[in-house]
Structures are given as C-alpha cells and as structure tokens.
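Try each task before you read its solution.

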Amino acid sequence: MNWKPSKNFVKKCKLNLEAYSFLLLFFVFYIIFTLYPVIQGFIVSFTKWNITGTKTYIGVSNYNKLLNDSIFWSSFWNSTKFVFMAVPTIMIVSFALALLIDSKFTKGKVIFRSIFFMPVILSVSIIAIIWSYALDPYTGSINTILKLFGLQEPIFWVTDPNIVWYSITMLTIWWTMGSAMILYLAGLQDIPADHYEAAEIDGANAWHKILYITIPALNRVHTLIMFLLIVGSFKVFGQVFLITGGGPSGSSRTLIQYIYEIGFTRFDMGRASAASYILFIVVILITAIQFKLMKVVQKEDVSK
Amino acid sequence: MRNICKVKTFIFLICIILIASACSSGGNNSTNSANNKGSNESKGSTEGNNEQIEVVYWNLLGGPDGEVLLEIIDEYNSLNPNVKIISETQDWGQYYTKLRTAVIGGNAPDLAMSHMTRVLELQDSQVIEPIQVAAERSGIMINYDDYVSAVIDDSIIEGERYALPFDNLLQVMFYNKRLAIEYGIADADGKLDIGEDFNSFIDTLEKVKAKAPAEIYPILASQSSFNPTITWFTFYNQLGGKQFLNDERTKTTFDEDIAIRALEAVNRINEFVPPRAENMHEMFMNGDSVFFVDGSWGGNAYANALGDDFGVIPFPYLFDVETMWSDSQGFVLPINPNRSNEKTAAALEFVKWFGENNWKWARSGQISATTSSFESEEFKALPVVNQYVSALGKDVVAFPSHKSVWILFAPETAEPMEKMLNEGVSPADTAKEIRERLDEVLSD
C-alpha cells in the first residue's frame with residue numbers, strides 16, 4: 001500500500017521549511033561570529049600566543065598563572081563587589097521611581113518618565129566626560145555645591161580607594177536606572193486595580209499594599225531585571241575605565257579591564273582568553289541558579 | 001496563501017541582499033577614515049590629484065606639542081606640493097595597542113613614531129621594519145652620525161637600525177619666577193637658589209611653605225602615571241644605583257637599599273604636594289604653585305600661560321651622581337605591505353627633512369636630537385628650551401627596553417608608587433612590591 005502524505009503534513013513541511021530557512025540565515029552568522037570565536041577562544045586559552053607569532057601549546061599553565069595572580073583576584077573581587085553594590089540599589093531605586101511616577105498623585109507622568117529615562121540613551125563616553133568633570137575634587141560641580149553647604153575638605157570621589165566604588169555605583173545608577181524603571185512601569189500597569197481595592201477594604205495602608213500586592217505581583221519583572229543586571233554588572237568596564245582608568249592604584253580595576261590589559265596591552269592572548277573563560281563560567285553558573293529560581297517562582301505563580 | 005508565500009520569499013531575498021551588501025562595503029579605506037586634524041588645506045578628493053603622494057603619519061602627540069607638529073607638517077606640505085603628510089594623532093594611552101592591532105589588521109599607517117625605549121618591543125612583535133635598510137633602498141641619504149640620543153643604542157637591534165630619534169625628553173623643574181622672587185628663593189633676575197643637595201632643596205620648600213599662603217603650594221608633582229616613576233628612577237641613579245635589570249632583562253636587579261632611599265626621597269617631596277590633585281598642570285598655569293615637576297613636553301604651554309613669570313631648570317642633581325632620566329621619541333616604519341615604494345620614499349624624505357630641521361620641533365619644548373640642530377642659531381634663539389640646554393651633553397640614563405614591559409608606564413611600577421604617595425604604604429614595602437610585580441611580568 002502506498003503511503004500518501006496528507007495535505008496537512010505537506011503544509012507543515014512547507015511552513016517548517018520557510019521557518020528554518022529564515023533561521024538558517026541567523027545561524028550562519030551566529031556560528032561565524034559567536035560560536036566559532038568562542039571555541040577558538042577556548043583553544044587559545046591553552047596556548048601562549050602574542051597575536052603575531054605562532055601559538056604554542058602550554059596546557060593549563062595560563063589558568064594556573066591566573067589563579068596565582070593577586071591582580072586577577074583583586075579585579076575579580078572588584079567586579080563582584082560592583083555586582084553586590086549595583087544590583088540591589090538599581091532595583092530599589094528604579095522600583096521606587098516607577099512607583100512614584102505611577103502614583104495617582106503624580107502629575108506629568110510622561111515628562112518624569114522621559115527625564116529619568118534620558119541618561120540611558122547617552123553613550124558611555126559622554127557619561128565619562130560628564131562625570132569626570134563633576135567628580136573632580138577641586139573644580140568639580142559636586143564638590144563645589146557641597147562646599148556651599150559647608151564642606152571643608154574636598155571629597156576624593158574617584159581618587160580615594162575607599163570611596164571610588166560608591167562613586168562608580170552612584171553614576172551607574174544615574175545612567176541605567178531608566179531602563180529598569182520602564183520595565184517596572186510596564187509591570188505595574190498589569191496589576192489589576194481591584195486587588196488594591198480589595199486590600200483597602202481589608203484595611204491595608206499604602207505600605208501594606210506595596211509590600212503584599214505590588215512587589216509579589218512583579219515577581220517575574222524582578223527576576224528578569226535581576227538577571228539582566230547581574231550579567232551586565234559582571235561585565236562592567238566602559239565607565240570605570242574611562243573615568244578612573246582602574247585607579248587609584250588599581251583599586252577600581254574590573255575583571256574586564258584586566259582582560260583587556262593582558263590581551264591588548266601585554267598581548268598575552270592565551271592568558272586573556274583563560275581569564276575570559278573563568279568569567280564566562282562564573283556568569284553561566286549564576287545564570288543557571290537564576291533560571292532555577294525563575295522556575296520556582298513560576299511554579300508558585302501557577303499554583304496560586 | 002500564494003500571496004503570503006510571495007511576500008515571504010520577497011522578504012527573504014531582501015534580507016540576503018542587504019546582508020550581502022553590508023558585508024562587502026566594509027572594505028579598507030584608510031584615507032577616507034583619516035582623521036585629518038592636521039592640514040589647514042581643503043580636504044578635497046583623495047583621488048583628485050594623481051601625482052600627490054599621501055603619507056599617513058601616526059603619532060601620540062596631542063596637546064601643545066601636537067600643535068607644533070601640525071605647524072611643521074603644514075610647512076613641509078606647502079614646501080612639497082607633490083606630497084601630503086597626514087598626521088593622525090592617537091590617544092596617548094592606547095597608541096601602542098592601536099599601532100600593533102593596525103599592523104595586524106592590515107590597516108597600518110605609512111609612518112609612525114615610538115618612544116625609543118619601546119622600539120625593542122615593536123621589533124620583537126613584528127610591527128616595524130628596519131628604517132635604515134628602507135632608506136638605503138629608496139636612495140635617501142640620512143646622516144646617521146648627526147643623531148644623538150641617550151637611547152639610540154636601543155634602536156639598533158641585531159645590527160639593524162629600527163628607529164630615528166627626533167627629540168630628547170627630559171624631566172624638568174618648572175617654576176614661577178614671580179613667586180620664587182616673592183618668597184626669597186630666587187634673586188631679582190629670577191635665578192633660583194635651591195642649594196646643592198637634597199636637604200637644601202627640602203629646606204627651600206620649607207621656606208616657601210612658611211611664607212606662602214595655604215592656597216599656594218610649594219611644589220606640584222603628579223602622584224600617578226609615569227611621573228613618580230621617572231623621579232624615583234632619577235634619584236636611584238643619582239644615589240649611585242646601577243643595573244636596574246639584569247643583562248637578559250628577565251628580572252630586576254636594582255639595589256634594594258638604594259631603591260628604598262630613592263623612594264623615601266620621592267615621598268619626602270610629596271609631603272609638600274596637595275593630595276590626589278588631578279589637574280596639576282592647570283594649577284601651575286594658574287599660579288597656584290612655585291615649582292612643578294613635569295616633562296620638557298609641557299614647556300611651550302606653561303611658557304605661554306605664565307609669560308614673564310615662566311622659569312625652568314633641568315631636574316636638579318640632588319645626590320652624589322650627576323645624572324638624570326631621559327628618553328627619546330623617534331620615527332619608525334610600520335610593516336605595511338600596502339605601502340608603495342613611492343610612499344616609503346616620501347615618508348623617509350619627510351623623516352630626513354625633520355632631522356635636518358630638528359630645531360623647529362624644539363619649539364615644543366623638547367630638546368633636539370641632532371648635533372647640527374643644537375649648534376644652529378635658530379635653536380639657540382628658542383626662549384624655552386635654551387633654559388635647560390645646560391643638561392645637554394651631561395650624563396643621562398633611560399629605562400632599559402624590554403620586549404613586552406614598558407617600565408616607564410607599567411602598572412607594576414606606577415600602582416605601588418601611587419599607593420606609597422597617597423595611601424602611606426612604606427617605601428620598603430613599595431620597593432618589594434615593585435620588584436615582585438616586575439619580576440612576574442619580565443620573565444613571561
């Protein structure tokens with residue numbers, strides 16, 4: 001008996017073919033420009049290579065050297081420190097802003113939304129210029145204003161190793177809070193008003209409403225923003241490098257700057273690749289934990 | 001259904017065409033991407049004048065000495081209408097990275113400059129070719145004996161000359177003549193009296209501190225980047241220290257005790273300097289300090305800002321040995337297979353002319369690199385440079401070259417020094433840390 005494909009089957013094949021042919025385009029570029037360099041990088045991390053010479057296989061020597069290099073660890077710690085400082089503060093600040101803008105007492109929602117979002121569209125070079133001038137200890141705008149309020153000794157915003165990371169976190173919040181704020185604003189629109197009304201009837205005040213209705217309802221937005229912020233914060237480089245150059249005396253050198261210096265100032269490509277892979281693995285582990293978290297959160301949502 | 005299929009196919013084809021054209025239009029077009037800060041001449045079309053040879057010259061000379069370079073290039077271009085030297089100034093901190101990646105990527109400039117102490121690194125990483133061989137091949141006769149530099153030997157590697165210096169760099173002590181006279185450390189003509197040795201120099205600074213108001217500092221000297229490293233190196237050699245690195249240049253061999261004494265001297269001077277000031281050159285130009293330790297490269301700018309109050313002396317001999325730090329900047333020829341023989345010849349003609357007219361470059365505050373320039377009337381008439389020309393012919397010492405570490409600017413020296421000056425780390429610990437960190441990278 002001949003098996004004749006049904007009309008449905010043929011239609012499915014045709015649609016699949018179209019879908020795959022569009023995807024093929026993407027995959028070609030993905031393989032050439034993402035997958036291939038990633039695999040090459042892994043291979044290079046086991047070699048000694050100065051970009052113009054030949055690659056010499058040296059086993060795990062690069063990884064050994066890194067794990068014994070105190071500058072590697074201090075850079076790693078600096079990036080991690082930034083993750084711990086920036087992620088919660090950006091989330092809290094942008095959430096608070098979103099609440100304020102969304103509140104029924106606020107006039108001019110659109111204007112405020114635009115104002116707080118505007119820094120996001122500035123490029124990192126502009127941010128660096130603005131904040132380098134603002135944070136100058138003797139002639140910068142921040143210290144000058146503080147002097148009017150009675151500041152005696154100049155604050156060394158980016159030249160005091162104890163303060164520099166607070167300054168960097170502060171300017172990063174100013175720069176990037178707009179995007180998280182927009183995501184929160186969008187999430188806030190999805191919360192049905194009757195939840196709040198029901199809570200009011202039960203005697204909840206504004207703080208209770210935020211704590212027990214708003215925050216839990218935005219669980220998915222929290223997880224998404226936290227995920228994006230953690231990955232992005234581990235990769236922090238631009239604004240730090242342009243404003244402090246890794247100073248003072250290396251106390252604000254991030255892991256990415258370390259990789260850049262090893263790879264493009266020292267041209268030790270093998271070790272730079274190895275450092276990149278260590279960062280890659282750390283970020284993958286954290287992402288995996290986060291995905292697990294997301295699944296747990298989703299299960300809770302479904303079971304409600 | 002058919003219409004939707006047609007639309008989908010159409011979109012698919014458009015995507016392919018767009019992507020294909022995007023890929024093909026990113027070709028090498030170095031003349032179009034030339035950031036032509038230099039020439040005052042109209043840009044015009046690069047294909048317009050078939051006879052004009054364009055030479056792209058990469059340098060790291062931003063700031064006031066960069067302006068002098070652009071004037072010199074304009075003059076050369078107007079004297080030689082069949083050649084156009086295009087100056088592309090790169091960011092100082094990223095220059096060497098950019099040069100190397102440009103050569104690797106096939107976008108190398110036709111001519112470049114380099115600190116002489118980095119020529120070994122450029123040669124070892126196959127970024128430059130021997131300049132003398134290229135000159136001889138192009139039939140350009142350069143008088144190599146005319147060139148004098150503390151670091152010229154470092155540019156001759158395996159018997160081949162890889163660079164030609166175009167200046168000599170010195171660390172100098174700028175001072176404000178008016179303030180010096182006011183606080184009694186200079187005579188009525190502005191001639192300084194700082195004593196004969198380190199202790200009398202410190203006494204001079206104490207004297208200024210006692211007499212000057214709080215907002216005028218006795219001395220300014222940067223606590224970051226290469227400046228403290230230069231001062232430390234000068235003191236190390238003035239204290240009789242030798243042999244900073246071993247002969248193979250794989251580890252440090254500087255004498256620990258002398259190094260610590262030199263660090264203590266740098267620390268002592270730093271006690272008079274405001275902490276962590278970022279814009280010391282602006283402060284000096286505003287008249288906020290009496291002394292300013294900086295390089296000869298700032299001379300032009302400070303002379304213009306301070307006018308009659310401007311004074312400068314070569315960095316003084318504060319210890320037993322009369323020597324000081326020096327380096328040079330010079331021309332190098334990047335390896336560039338796209339550079340035609342005509343371009344190479346044009347570039348090297350410019351190099352030769354620059355050497356023969358080297359006094360013009362001394363207007364920037366640097367000292368010339370050719371004997372004929374020192375002896376010329378024009379050089380002797382230059383107001384700024386002739387104030388430290390007494391340093392000429394004296395003993396100078398440069399950092400040893402290395403194939404991957406530029407000790408002058410390396411974080412392995414700069415960061416421990418910054419910690420000592422700003423965070424109170426002891427000179428003994430600093431010397432140890434510098435040795436450990438340098439030994440790590442020197443033997444890589």
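**Exercise 1: an aromatic pair**

W92(B) counts as partly exposed, because its relative accessibility is 28% (buried means under 20% relative accessible area, exposed over 50%, partly exposed in between, with a 1.4 Å probe and protein chains only). A word on the ground rules: this is a predicted model, in which local features need pLDDT of at least 70 and side-chain atom pairs count only at pLDDT 80 or more, while totals for chains, interfaces and linings use all residues. Residues are numbered from 1 along each chain as its sequence is written, chains are lettered from A and ligands numbered from 1 in the order in which they are written, and side-chain values use heavy atoms, with hydrogens and water left out.

Task: Work out how the rings of W92(B) and F409(B) are arranged.

Solution: 
- Start with the rule: rings of Phe, Tyr and Trp (its six-membered ring) pair if their centres lie within 6.5 Å, and planes under 30 degrees apart count as stacked, over 60 as edge-to-face and the rest as tilted.
- Next, apply it: the centres of W92(B) and F409(B) are 4.9 Å apart and the planes stand at 85°, so the pair is edge-to-face.
- F409(B) is also partly exposed, with a relative accessible area of 30%.
- For a second pair, take F201(B) and F291(B): they are edge-to-face too, at 5.8 Å centre to centre and 65° between the planes.
- Finally, F201(B) is in helix α7 and F291(B) in strand β9 (residues 289–295) of chain B, so this pair ties together parts that are 90 residues apart in sequence. Both F201(B) and F291(B) are buried.

**Exercise 2: a helix and its cover**

Task: Check the span of helix α9 (residues 256–270) of chain B, then find what covers its buried residues.

Solution: 
- Helices (H or I, at least four residues) and strands (E, at least two) are DSSP runs, numbered from the N terminus.
- The expected span of a helix is 1.5 Å times one less than its number of residues.
- With 15 residues, α9(B) should therefore span 21 Å, and its end C-alpha atoms are 21 Å apart, which agrees.
- Buried residues in α9(B) include I258(B), L263(B), V266(B) and I269(B).
- Their cover includes α7 (198–211), β8 (217–221) and α8 (227–238) of chain B.

**Exercise 3: a histidine**

Task: Is H402(B) buried or exposed, and what does it touch?

Solution: 
- H402(B) sits in the loop between β12 (396–397) and α15 of chain B.
- Its relative accessible area is 4%, so H402(B) is buried.
- A polar atom of its side chain lies 3.0 Å from the backbone nitrogen of S404(B), and one lies 3.0 Å from the backbone oxygen of L442(B).
- Leaving out residues up to four places away in sequence, H402(B) touches T117(B), E121(B) and R249(B), among others (contact means heavy atoms within 4.5 Å).

**Exercise 4: charge over a ring**

Task: Which ring does the charged end of R276(B) sit over?

Solution: 
- The test asks for NZ of Lys or CZ of Arg within 6 Å of the ring centre and within 35 degrees of the ring normal.
- R276(B) sits over the ring of F156(A), 5.7 Å from its centre.
- R435(B) lies over the face of F254(B), at 4.2 Å from the ring centre.

Key: A polar contact is a pair of N or O atoms within 3.5 Å; within protein, one must be able to donate a hydrogen and the other to accept it, and residues adjacent in sequence count only if both atoms are side-chain atoms.
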